[in-house]
Amino acid sequence: MIELRNLTVHYGRAIAVSDVSIAFASGSVNCIIGSNGAGKSTILRTISGLKKPSSGEILFEGEPIQNLSPKAIVERGIAHVPEGRHVFPELTVEENLKIGAYLRSDAAAVKRDLDQICSMFPRLAERRRQYANTLSGGEQQMLAIGRAIMAAPKLVLMDEPSMGLSPVMVAAMADVIRMINKEGKSVLLVEQNANVALSLSEEAAVLEQGRIALRGKAAAMMDDEHVRIAYIGV
Ligand code: ATP
C-alpha cells in the first residue's frame, strides 16, 4: 500500500536517496534499517511531503502522493512521528494530543481516540495536564506517537522510536508499536537499532548510502550474516 518507485532525493547537489524502489503491504509493521546518514529520515520526510523528491513516485493505496502538500498527505491517512520527538514543550500533554487531531472535524471520534490513547499510555494519562517539557525522554516519545495516532492515520511513519531510550522504555515502545498495529494501522519504522526493528517487522529493507542494499522477510534478515555483522553487531 506504500510504494516508492525510483525515488531520488537531493539536498542541493548532494544525493540522499538514490533510485529507491520498494513496496510494503498494508496491515503490518515493516522497517528500513541503516546506519547514520543512510537516508532513512529523508525517505520518511519525502513520504510525508516535507521534502520534495527530485524524481520518482510515491504511491499510497495506489495513488501518487509525491506532489501533495504535507496537510493533504495527513488527510490521506499518513502520520509521521519525527526523529527527536518534537512535542510542543509549552503545551500540556492533552493539548499536544489534541493538536494531532487538528484536521479532524468528528469531535466524538476525536474524544474517543483521546480516551483510547490515555488507556494505551497510562503514563500520559496520569500526566495529562503536565507541560510536555517536564516529561522524560521516553514519555515525550510516547506523546509524539500518541499525537500521530490522534490524526487517525492508516499508516504511521516512525523515525527511530527507540533512540535514546533505556532498554525498559525500548521494550515499552515495542509493545506500543505492536498495539498500534493490532488496531489495524500499518507502521513503517526506520531504525538504526536493527534488533528491535527486525523483531517487530514483517518485511525489512537495508538502506546503505541512499540505496536499498537488501530486502526481504525481517525474520530471515536477522539470520543474514551481513546484517548481523553490520547492524546487529554479532
Ligand atoms: P540518521 O540515522 O543519522 O538520522 P538517516 O539515515 O536518517 O540518518 P538522513 O537524515 O536521511 O539519514 O540523511 C541522508 C543524507 O542527507 C546525509 O548525508 C545527510 O547529511 C543529508 N542531509 C539530511 N538532511 C539534510 C539537509 N537538511 N541539508 C543537507 N543535507 C542533508
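In this predicted model, helix α6 (residues 137–149) and helix α7 have axes that come within 10 Å and cross at roughly 10°; axes here are lines fitted to C-alpha atoms, for helices over the stretch in contact, and angles run from 0 to 180 degrees between N-to-C directions. On the α6 side the contact (heavy atoms within 4.5 Å) is made by Gly-138, Glu-139, Gln-141, Met-142, Ile-145 and Ile-149, and on the α7 side by Met-169, Ala-172, Met-173, Val-176 and Ile-180. Sorted by class, that makes eight nonpolar, two polar and one charged residues, where Ala, Val, Leu, Ile, Met, Phe, Trp, Tyr, Cys and Pro count as nonpolar, Asp, Glu, Lys and Arg as charged, and the others, Gly among them, as polar. As a reminder, an α-helix has 3.6 residues a turn, so residues three or four places apart point the same way.

Residues are numbered from 1 along each chain as its sequence is written, and side-chain values use heavy atoms, with hydrogens and water left out. As the model is a predicted one, local features need pLDDT of at least 70 and side-chain atom pairs count only at pLDDT 80 or more, while totals for chains, interfaces and linings use all residues.

Helix α1 (residues 40–47) is mostly covered, with six of its eight residues buried; buried means under 20% relative accessible area, exposed over 50%, and partly exposed in between (1.4 Å probe, protein chains only). The buried set is Lys-40, Thr-42, Ile-43, Leu-44, Thr-46 and Ile-47. Next comes the loop between α1 and β4 (55–60), which holds Ser-48. Ser-48 has 7% relative accessibility and so counts as buried. Leaving out residues up to four places away in sequence, Ser-48 touches Pro-70, Ile-73, His-80 and Leu-157. Also just after α1, Gly-49 takes a positive phi of about 85°.

Positive phi turns up in residues other than glycine too. Asp-19, in strand β2 (residues 14–24), has phi near 50° and counts as partly exposed because its relative accessibility is 42%. Glu-160 likewise has a positive phi near 50°, but sits in the loop between β7 (155–159) and α7 (167–182) and, at 5% relative accessibility, counts as buried.

A search of the whole structure turns up one cavity of 30 Å³ or more. On a 1 Å grid over the protein atoms alone, a cavity is a set of points where a 1.4 Å probe fits but cannot get out, and lining residues have an atom within 4 Å of a point. The largest cavity holds about 30 Å³ of space, volume being the space filled by probe spheres set on the points, which are joined across faces, edges and corners. Its lining is formed by Met-1, Ile-2, Phe-24, Ala-25, Ser-28, Asn-30, Leu-155, Ser-186, Val-187 and Leu-188. Strand β8 (residues 186–191) gives the most to this lining, with three residues, and by class the lining has seven nonpolar, three polar and no charged residues.

Terms used: Helix = DSSP H or I, 4+ residues; strand = E, 2+ residues; numbered from the N terminus. 1 Å grid on protein atoms, 1.4 Å probe; cavity = no way out; pocket = protein on both sides within 12 Å on 5 of 7 lines; lining within 4 Å.
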